[in-house]
Amino acid sequence: MKKFLYSFLGTVAGIWISVFIGFILMFFAIGLIVSSSGSNMTTVKLKDDSVLKISLSGNIVDRETPANLMEQIYSNAEKAVALTDMVDAISAAKDDSQIKGIYLECAGANMGLAQAEALIAALKEFRQSGKWVYSYADSYTQSDYYVASVADSVFINPIGMLDIHGLSATTMFFKGLMDKLGVEAQVVKVGTYKSAVEPFLLSGMSDASREQQEHFLGNIWGYVKGQIAANRKISADSINALADSFTFTRQADFYLSKGLVDGLKYQHQITDLLASETGKADEPNMISFSDYVGLSNSPLGKNAGKGKKIAVLYAIGDIVDSGNEGISATSMVPEILKIAKDESVAGLILRVNSGGGSAFASEQIWEAFEQFKKLCPEKPFYVSMGDMAASGGYYISCGANKIYAEPVTLTGSIGIFGIIPNIQPLMREKLGVNVETVQTNTGSFPTLLQPMTDGQKAAMQSYVNNGYELFVSRCANGRHRTVEQIKAVAEGRVWDGQSALQHGLVDKLGGLEMAVADMAGELGADEYYTVNYPEVKVKWWEMLLDMDSDLSAAISETDAATIQQTARALRTIRNMSPLQCRTNYIRVR
């Protein structure tokens with residue numbers, strides 16, 4: 001009894017000590033956040049003859065995302081930068097008499113080509129107002145230089161580096177690893193080009209996958225090099241030759257001689273140049289795009305709430321049935337219906353950046369947009385595609401009145417597949433565990449513990465075929481084409497934006513700003529503004545509750561990116577719903 005009492009009291013004491021320490025950590029974390037934010041609470045005022053500073057660094061995301069508590073405490077990750085903030089700032093500065101020009105500081109941003117396109121379009125429009133754009137970098141990555149090439153003048157550090165290497169897409173194949181683990185990927189699919197399953201079936205790329213990748217990479221690179229060439233007033237062939245010449249190893253004088261840059265300067269010389277351009281003796285009046293967006297007296301702030309309200313609904317990440325990450329059907333469907341019932345909304349634009357996911361969730365979201373069109377027949381519904389809107393990402397887009405894609409967008413991938421892992425070799429050969437099953441009937445869903453029977457394979461293939469036919473019919477109805485016309489460009493094939501336009505999968509090449517402007521034109525709105533959905537909500541208490549697990553992860557974090565990607569891929573298989581409208585992750589760089 002005494003031992004029990006000691007044990008009980010010890011447990012209670014441990015609980016109270018844990019709670020006490022938890023509260024201390026919580027208040028410590030909140031104190032850090034408050035002190036961190038408090039140091040930035042100085043009032044920002046826009047001065048005459050100012051320069052808008054656009055910093056290309058860190059991770060560029062399509063829209064604002066909630067801050068992560070652990071990142072605030074440990075500062076072990078860069079805060080994501082919202083593309084919308086950058087574009088909004090550039091667009092507002094165009095009409096702001098207090099802004100004389102833009103300073104583009106390039107420091108290796110992690111961004112997609114469609115995101116770069118949005119920045120380029122905004123900067124070109126800014127320059128058309130008669131104002132200047134200067135760019136500088138110690139070292140230019142290819143994506144940074146792509147954006148910088150639109151500037152009036154491009155400068156680089158005298159011992160800086162500039163990288164032009166063309167485009168590539170890399171795929172990791174896990175077949176060898178799965179064989180070693182004793183896991184078999186049993187795949188049923190429709191689509192010759194549906195290569196999302198290949199990493200789990202093959203040790204290398206199929207001919208069909210290589211064909212489609214060579215096609216869209218060639219088209220996209222042709223567009224990108226053509227844009228750089230036009231911006232810098234040199235030939236596209238010269239840009240292509242430079243991509244074969246290991247430009248990152250060259251001296252800065254080489255970049256100057258080839259017309260890639262306009263001058264070699266150190267950072268302090270750029271500061272002097274900006275001061276001179278704005279009539280200042282020492283330091284230029286510089287304002288960051290994030291501070292500028294927050295000003296109520298900027299053109300951006302003044303226009304908010306005037307004219308027609310256009311809802312921009314963001315769909316970013318994997319499409320899932322439910323959950324808090326990616327495009328969750330259980331969250332997205334009510335959001336669409338809520339927008340439909342909002343009488344203040346004049347039109348809806350879906351901004352998609354997704355390679356797809358659950359076929360079931362894709363259908364639910366597609367149907368919700370159909371409900372929007374029925375409930376609000378007078379309200380236009382457009383889609384703006386980002387870096388990727390493929391497979392399920394195209395499924396949820398295909399019913400729109402108009403679809404916009406960038407030339408560099410990856411889209412299409414109209415196909416269906418299912419993966420049912422078989423871990424019997426792992427259990428039997430690696431772990432020495434044998435599994436036997438007794439059942440009354442044969443029509444059960446395949447399990448992980450045994451290979452599929454012939455009957456199960458046939459049933460699953462029929463299931464996938466039905467899903468494919470439904471997908472194709474949705475696309476045919478939405479695009480006002482026959483099923484045969486859609487099937488001719490389907491089979492799971494991924495298309496670049498230019499090819500998608502040729503095949504009728506999209507209506508127009510351009511970004512979100514173009515889609516918004518065109519919708520305003522259709523609405524006959526001289527004045528309009530956009531509101532982003534879903535609303536970004538920060539739930540600090542949830543992050544505090546997760547603090548313990550996040551701390552453990554932070555302590556044990558390593559740089560083994562390959563291992564992490566492998567584990568993520570296997571976890572994705574485990575969590576997949578049976579039927580998938582998904583394309584493989586393609587990072588064009």
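In which loop is S413 found? Select S413: this residue is in the loop between β17 (410-412) and β18 (416-422). Helices (H or I, at least four residues) and strands (E, at least two) are DSSP runs, numbered from the N terminus. The phi angle of S413 is near 55°, a positive value in a residue other than glycine.

The structure is a predicted model, in which local features need pLDDT of at least 70 and side-chain atom pairs count only at pLDDT 80 or more, while totals for chains, interfaces and linings use all residues. Residues are numbered from 1 along each chain as its sequence is written, and side-chain values use heavy atoms, with hydrogens and water left out.

**The sheet**

Next, select the open sheet, whose 6 strands follow the order β8-β6-β5-β4-β1-β9 with parallel pairing. Two strands pair if DSSP finds at least two bridges between them. At the edges are β8 (263-264) and β9 (285-288), each of which pairs on one side only. Now select β1 (residues 50-56) and β4 (residues 99-106), which run parallel and are joined by 7 bridges. Within this pair, I54 stands opposite L104 in β4. Helix α4 packs on the sheet and touches β1, β4 and β5 (132-140); contact means heavy atoms within 4.5 Å. The direction of α4 makes about 150° with that of β4.

**Two pairs of helices**

Axes are lines fitted to C-alpha atoms, for helices over the stretch in contact, and angles run from 0 to 180 degrees between N-to-C directions. Residues that make the contact include L83, M86 and V87 of α3 and Q115, A118 and L119 of α4. By class, this contact of α3 with α4 has 10 nonpolar, 1 polar and 2 charged residues. Ala, Val, Leu, Ile, Met, Phe, Trp, Tyr, Cys and Pro count as nonpolar, Asp, Glu, Lys and Arg as charged, and the others, Gly among them, as polar.

Move to α14 (residues 329-341) and α15 (residues 359-375), whose axes come within 9 Å and cross at roughly 5°. That makes α14 roughly parallel to α15. Among the residues in contact are M332, I336 and A340 of α14 and I365, F369 and F372 of α15. The contact of α14 with α15 has 13 nonpolar, 2 polar and no charged residues.

**The second largest pocket**

A pocket is an open set of points on a 1 Å grid over the protein atoms alone, where a 1.4 Å probe fits, with protein on both sides within 12 Å along at least five of seven lines; lining residues have an atom within 4 Å of a point. About 1,500 Å³ of space lies in the second largest pocket. Select V87, D88, S91, E513 and T530, the closest to its centre of the 50 lining residues. Elements that give two or more residues to this lining include α3 (83-94), α4 (113-128) and α21 (512-523). By class, the lining has 25 nonpolar, 9 polar and 16 charged residues.

**Last stops**

Select L523, which is in helix α21. The C-alpha atoms of L523 and E378 are separated by 9.5 Å, although these residues are 145 residues apart along the chain. Not counting residues up to four places away in sequence, L523 touches K308, I310, A346 and P380.

Finally, select P534, in the loop between β21 and α22 (540-545). The peptide bond from Y533 to P534 is cis, with omega near -10°.

Technical notes:
Points joined across faces, edges and corners; volume = space filled by probe spheres on them. Parallel < 35°, antiparallel > 145°, perpendicular 65-115°, else oblique.
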